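Please look through the structure shown below with the following briefing beside it.

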Amino acid sequence: MTVGPEQVDSTRQWLRGLEVFAGPLPEFDPAAAPADPLRLFLSWLVEAVADGVRDPHAMTLSTVDAAGDPDARVLILKGVGASGWQFAGHAFSPKGVQLACHPRAALTFYWPEHGRQVRIRGTVTSGSGADNAADFLGRSATARAESLVARQSQYLMDTDERDQALEKSLALIAKEPSLVDSAWTLYTLAPAEVEFWQAAESRVHTRLRYERVRDGWERLRLWS
Ligand SMILES: Cc1cc2nc3c(=O)[nH]c(=O)nc-3n(C[C@H](O)[C@H](O)[C@H](O)COP(=O)(O)O)c2cc1C
């Protein structure tokens, strides 16, 4: 299908015809939800992995820049536990700069085969030197080399320049395999709110939000 401004009407028609929440979808009973959102998140993630959902540990990280303008990109979940949800990136990338000036963010997971969305909002902290180094050294040589080049999201004017910079970094890593990029950062988002959203074929979707209170979590149903 060719899509241009003159096709707006047919595009709208075409989009309307695409299926969403194809099912079969799992049941979600908020009354039976555990007291801690981490337990529910892990059970949904385990189910996504077990059912072969593609890239189940991919999530959208949303941040704001110094002007208050939003930004978002997909990252890999690096860890999750009592302290929060972890992701990693370069401190001098746009996301790193944005988090340094405004350390609050949102994470969004979507597992289409299950019609499930999880939204998490909270405060972000940077890992210790040891945590950052361990995450960095666990990455592939090419990923480490790219990080050491430290030009993520800058304009790429010359692919030869990039290839040469990567080659130089790879040679450095080969010579010194324990080399760590001090700007590589393992971030932890400590949740203030975690929302679980379950699609239903009836279109009466189910939402449950956990809100942090002093001694734990309050569970609240939301209109869909
Ligand atoms: C599935 C997927 C996983 C990704 N994982 C990461 C990641 O873990 N860390 C990272 O820095 N970028 C990752 N990226 C690339 C980011 O989406 C993004 O392009 C990059 O981090 C630059 O973002 P920024 O300019 O907002 O800093 C991933 C992209 C995709 C599609």
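The crossing of helices α5 and α6 is right-handed, where a crossing is called left-handed if the near helix is turned anticlockwise from the far one by less than a right angle, and right-handed if clockwise. Helices (H or I, at least four residues) and strands (E, at least two) are DSSP runs that are numbered from the N terminus. This is a predicted model, in which local features need pLDDT of at least 70 and side-chain atom pairs count only at pLDDT 80 or more, while totals for chains, interfaces and linings use all residues. Residues are numbered from 1 along each chain as its sequence is written.

**The helix pair α5 and α6**

- The axes of α5 (residues 141-149) and α6 (residues 159-175) come within 8 Å and cross at roughly 115°; axes are lines fitted to C-alpha atoms, for helices over the stretch in contact, and angles run from 0 to 180 degrees between N-to-C directions.
- On the α5 side the contact involves A141, R144, A145, E146, L148 and V149, which meet A165, L166, S169, L170, L172 and I173 in α6, with two residues taken to be in contact if their C-beta atoms, placed from the backbone, lie within 7 Å.
- The residues of this contact divide into nine nonpolar, one polar and two charged, where Ala, Val, Leu, Ile, Met, Phe, Trp, Tyr, Cys and Pro count as nonpolar, Asp, Glu, Lys and Arg as charged, and the others, Gly among them, as polar.

- The protein chain has six helices and nine strands, and its C-alpha atoms fill a box of roughly 60 × 55 × 40 Å, taken along the principal axes.
- Buried residues make up 25% of the 224 residues in the protein chain; a residue is buried if 20 or more other C-beta atoms lie within 10 Å of its own, exposed if 12 or fewer, and partly exposed in between, with C-beta atoms placed from the backbone.
- Not counting residues up to four places away in sequence, A105 touches L61, S62, T63, L99, V124 and L189.

**Around the ligand**

- The ligand is surrounded by 15 residues, of which the closest are R73, G89, S93, K95 and S153; a residue is near a molecule if its C-beta atom, placed from the backbone, lies within 6 Å of it.
- β2 (70-76), β4 and α3 (94-101) each supply at least two residues of this shell, and β2 gives the most, with five residues.
- By residue type, the shell around the ligand divides into seven nonpolar, four polar and four charged.

**Backbone details in the loops**

- A cis peptide bond with an omega of about 5° joins G23 and P24, and P24 lies in the loop between α1 (8-16) and α2.
- D55, found in the loop between α2 and β1, has a positive phi of about 45° although it is not a glycine, and D55 is exposed, with 10 other C-beta atoms within 10 Å.
- A150, in the loop between α5 and α6, also is a residue other than glycine with a positive phi, here near 60°, and A150 counts as partly exposed, with 16 C-beta neighbours inside 10 Å.
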